[in-house]
Amino acid sequence: MGGITKKEINKKTKRSFRTAVLALAISIIADVLDYLAAPLSSIPIIGEKISRS
């Protein structure tokens, strides 16, 4: 019969683990870029006047 072998389960487990690690790495890189880019985007352009209401 067409039973699932232990080898096939191991391949699927390794693939899903690799996918999860890749997703975690991408999200960590995105968080670091967001953390580093936030202060840069908040710096006003040279010559820009700050309006005080």
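In which helix does Leu-24 lie? Leu-24 lies in helix α1, where helices are DSSP runs of H or I with at least four residues, strands are E runs of at least two, and numbering starts from the N terminus.

Before I continue, colleagues, a note on the source. This is a predicted model, in which local features need pLDDT of at least 70 and side-chain atom pairs count only at pLDDT 80 or more, while totals for chains, interfaces and linings use all residues. Residues are numbered from 1 along each chain as its sequence is written, and side-chain values use heavy atoms, with hydrogens and water left out.

The protein chain has one helix and zero strands.

Let me return to Leu-24. Leu-24 counts as exposed because its relative accessibility is 51%. The backbone oxygen of Leu-24 lies 2.8 Å from a polar atom of the Ser-27 side chain. Ser-27 is also found in helix α1, and Ser-27 is partly exposed because its relative accessible area is 33%.

Is Arg-18 buried or exposed? At 60% relative accessibility, Arg-18 counts as exposed.

Note on methods
Buried < 20%, exposed > 50% of the residue type's maximum accessible area, 1.4 Å probe, protein only. Polar contact = N/O pair within 3.5 Å; in protein donor to acceptor, adjacent residues only side chain to side chain.
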